[in-house]
Amino acid sequence: MKTVRQKADLFSESQRIQYTIQTRTQDIPDARTYLLILKDIRIKRGLTDDLCAEAMMMNALDKVEKEIKKPLLRNDKKSMALLTAEFDKINKKLGIRKEGLPKYEEQLELKISKAQLEELKKDALEAMETQKKREEFKDEAMPDVKSLDIRNFL
């Protein structure tokens with residue numbers, strides 16, 4: 001699927017998510033609304049928060065806002081540095097490193113591609129079953145699904 005996307009000059013799923021985040025959050029002044037919109041984007045994209053990182057991030061935001069005694073604005077560099085430090089602690093606790101981000105992106109792409117291929121396989125099977133029921137195809141043999149390879153059609 002990655003090859004298909006590259007040949008068709010399409011964005012990867014992570015690039016689409018990044019674009020969505022940039023467009024939906026560009027005019028948001030405070031960090032809390034920003035994080036809530038990130039949560040909304042994650043839910044709409046069907047991504048799960050298996051590590052409960054979102055709750056930890058909100059707790060970190062609460063901690064920083066309590067420390068500065070006001071809502072955290074995104075343009076407040078000093079306070080955002082505090083929040084970033086808290087996020088770094090969370091990432092370290094979860095075992096997430098910045099160097100590993102391409103690997104996580106690749107895993108996301110693989111997971112999405114597998115789901116897309118399963119959907120494609122299901123659709124192909126459904127179409128084959130429909131064809132099998134038609135009168136003019138009764139005497140033809142059904143091809144084995146495992147013998148079909150999408151790379152042959154690219």
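A residue counts as buried when its relative accessible area is under 20%, as exposed when the value is over 50%, and as partly exposed in between (1.4 Å probe, protein chains only). By this criterion, buried residues make up 20% of the 154 residues in the chain.

The model is predicted, so local features need pLDDT of at least 70 and side-chain atom pairs count only at pLDDT 80 or more, while totals for chains, interfaces and linings use all residues. Residues are numbered from 1 along each chain as its sequence is written, and side-chain values use heavy atoms, with hydrogens and water left out.

**View 1. The chain as a whole, with six helices and zero strands.** Helices (H or I, at least four residues) and strands (E, at least two) are DSSP runs, numbered from the N terminus. In order from the N terminus, the elements read α-α-α-α-α-α. A contact is defined by heavy atoms within 4.5 Å. Of the contacts between residues at least 6 apart in sequence, 50% join residues at least 24 apart.

**View 2. The salt-bridge network of Arg-24, Asp-40 and Lys-44.** A salt bridge is a side-chain nitrogen of Lys or Arg within 4 Å of a carboxyl oxygen of Asp or Glu, and the structure holds nine of them. One of these joins the side chains of Arg-24 and Asp-40, at 2.9 Å from N to O. Arg-24 belongs to helix H2 (residues 13-25) and Asp-40 to helix H3 (residues 31-45), so the pair ties together parts that are 16 residues apart in sequence. Arg-24 is partly exposed at 33% relative accessibility, and Asp-40 is partly exposed at 26%. The side chain of Asp-40 also meets that of Lys-44 in a salt bridge of 3.5 Å, N to O. Asp-40 and Lys-44 are four residues apart in helix H3, and about one helical turn separates them. An α-helix has 3.6 residues a turn, so residues three or four places apart point the same way. Lys-44 is exposed, with a relative accessibility of 63%.

**View 3. The salt bridge between Arg-97 and Glu-99.** The side chains of this pair meet at 3.2 Å, N to O. Glu-99 is exposed, at 61% relative accessibility.

**View 4. Helix H2 and its buried residues.** The expected span of a helix is 1.5 Å times one less than its number of residues. For the 13 residues of H2 this gives 18 Å, in agreement with the 18 Å between its end C-alpha atoms. Glu-13, Ser-14, Ile-17, Thr-20 and Thr-25 are the buried residues of H2. Viewed down the axis of H2, these residues fall within an arc of 120° (taken from the directions from the helix axis to the C-beta atoms), so they line one face of the helix. They pack against H3 and helix H6 (101-133).

**View 5. Helix H3 and the elements that cover its buried residues.** Ala-31, Leu-35, Ile-37, Ile-41 and Arg-42 are buried in H3. Seen down the axis of H3, the buried residues lie within an arc of 160°, so they line one face of the helix. What covers them includes H2, helix H4 (53-68) and helix H5 (77-94). Just after H3, Gly-46 adopts a positive phi of about 80°.

**View 6. The packing of H3 and H4, whose axes come within 11 Å.** Axes are lines fitted to C-alpha atoms, for helices over the stretch in contact, and angles run from 0 to 180 degrees between N-to-C directions. The two axes cross at roughly 175°. H3 and H4 are therefore roughly antiparallel to each other, a description that applies to angles over 145 degrees. On the H3 side the contact is made by Ala-31, Arg-32, Leu-35, Leu-36, Lys-39 and Arg-42. On the H4 side Glu-54, Met-57, Met-58, Leu-61, Asp-62 and Glu-65 take part.

View 7. Cys-52 is partly exposed, with a relative accessible area of 45%. Lys-69 is placed in the loop between H4 and H5. With a relative accessible area of 71%, Lys-69 is exposed.

Methods:
Parallel < 35°, antiparallel > 145°, perpendicular 65-115°, else oblique.
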